[in-house]
Amino acid sequence: MNIQTISTSPFEGQILGTSGLRKKVSVFQQPHYLENFVQSIFDSLEGFQGKTLVIGGDGRYYNQIAIQTILKIAAANDFGQVLVGQNGLLSTPAASVLIRKYQAFGGIILSASHNPGGQDGDFGIKYNISNGGPAPENVTDAIYEQTEKISEYRITDTVDIDLTQLGETQVGKMKIKIIDPVADYVALMEQLFDFESMKALFQSGFTMRFDAMHAITGPYATHILEEKLGAPQGTVMNGIPLEDFGGGHPDPNLTYAHDLVDIMYGENAPQFGAASDGDGDRNMILGTSFFVTPSDSLAVLAANATLVPGYQDGLAGIARSMPTSEAADHVADELDIDCYETPTGWKFFGNLLDAGKTTLCGEESFGTGSSHVREKDGLWAVLFWLNLLAARRQSVETIVREHWAKYGRNFYSRHDYEGVDEQAATELMEHLYSTFSHLSGKQFGSHVVEYCDNFGYIDPVDHSISQDQGMRIGFQDGSRIVFRLSGTGTKGATLRVYLEFYEEDTAKHHLDAQTALAELIKVADEMAGIKKYTGYDKPSVIT
Ligand code: G16
């Protein structure tokens, strides 16, 4: 095996966003682009020689090609062993399981998550550290700095590795193990959940649909739901992972998971519906003609956690990202445990989980997870719900309505304005910020402003500081509007407007969220000039 040292020069903009480096496939296809980034990851790390690296991806276009390149660079950089999912596949949470279980030094996950795939779609690469979670900001900053000064990378000139066969092979001194992408993940789920009671639920005629959206969770969900739990064949739909996700947008929300939504809101709808995204870390939960917001889902799981074997001793705490609704806070109050508010990005939960301060974490962006891994975990959330349904034998809707009756309802919605001109989006945020000094105490409709700030976070464990995490406006009645620019888009800017209104009165809980939030929606536009700056007269996606 020959190791070649190739001269290169930096590419602009290899900056890691909310979750890794995401770009169009054509950007990654430029000669040296991927190589530069991977070598920059390794150059920014210390002490990995001889250690284990986990590699896998969501199966999107370019996944296999990228893995071959990464294997060759890893061998040239003296990793001792690489664990690769068969056919290059690993869901993000499964990669986290493997890193933890086999005490790997870290992992590289190839995915642009819920962004569309295919030759004209998006590709992405994330680095996870030894706790199994996304690299924190000090690591991602160091990688970015390295990309700006890289002058060479090292690569072996070996032939491509056959990723289709389980087993071991060797490149120079580095061992490559092709492993079953599903087995270790399933073993962990069996420890956490009551598979017997879920099996009995299906035996009683319970009906469910899981939409894998032609993305990575297909094999995982088919194995667990249909083979292990005995759900009828066809329970998992769109279960074969495809390089372009069948032309779809693998984002489990009411807009993009329309195949499932049509079924769940149609005639003879199943009792439970769920979907996951490109790389398997997101989840959407539906009952019969009933949508559970991710914020409510986190709150319901927290309130019912002791019904599930893996959480029967209770929760250490709950953590949610700042724009996620405060529904979980009410549960934390009741349970007398801490509720942490972090910036958007799963990486901010890692320290809290490692320090044992929180057990459950959740985000409004269809992300829910727990201390079992250091990523959000789509299928885990679905199994958690299924375990609750098996334990309570009530409908999804009844469980959620009973929850609102006890804790009050946090009406919640996110309005996205995608592909906005970047300068206009920045100007909107600057304009909003410039009004903050005279907003306090001002009345908008029936809402009086209590506070407004640009959210900053001091990590309670390592005391690192993250500034500029979104504009928050809180009202005296407990309502909130949050404005943020997404960190995961690849075209222009995406403005996210998060709206929340707290209602204690059970008689009003039946209202549709957009109706209950109508006044706040107007206030948001009045405050930020959304129409004026973006040129949009309505959001491109409402969740
Ligand atoms: C990523 C992050 C999440 C974040 C989401 C949306 O999810 O892991 O923590 O909430 O992006 O981020 P933004 O609002 O900046 O677009 P995923 O599923 O894309 O990896």
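1. Domain bounds here come from an automatic or database domain assignment. On that basis the protein is divided into domain 1 (3-180), domain 2 (185-407) and domain 3 (409-542). The C-alpha centres of domain 1 and domain 2 lie 28 Å apart, and their contact, meaning heavy atoms within 4.5 Å, takes 33 residues from domain 1 and 32 residues from domain 2.

2. This is a predicted model, in which local features need pLDDT of at least 70 and side-chain atom pairs count only at pLDDT 80 or more, whereas totals for chains, interfaces and linings use all residues. Residues are numbered from 1 along each chain as its sequence is written, and side-chain values use heavy atoms, with hydrogens and water left out.

3. The ligand is surrounded by 19 residues, each with a heavy atom within 4 Å of it, and the closest are Glu363, Ser486, Gly487, Thr488 and Arg496. By class, this shell has one nonpolar, ten polar and eight charged residues, where Asp, Glu, Lys and Arg count as charged, Ala, Val, Leu, Ile, Met, Phe, Trp, Tyr, Cys and Pro as nonpolar, and the others, Gly among them, as polar.
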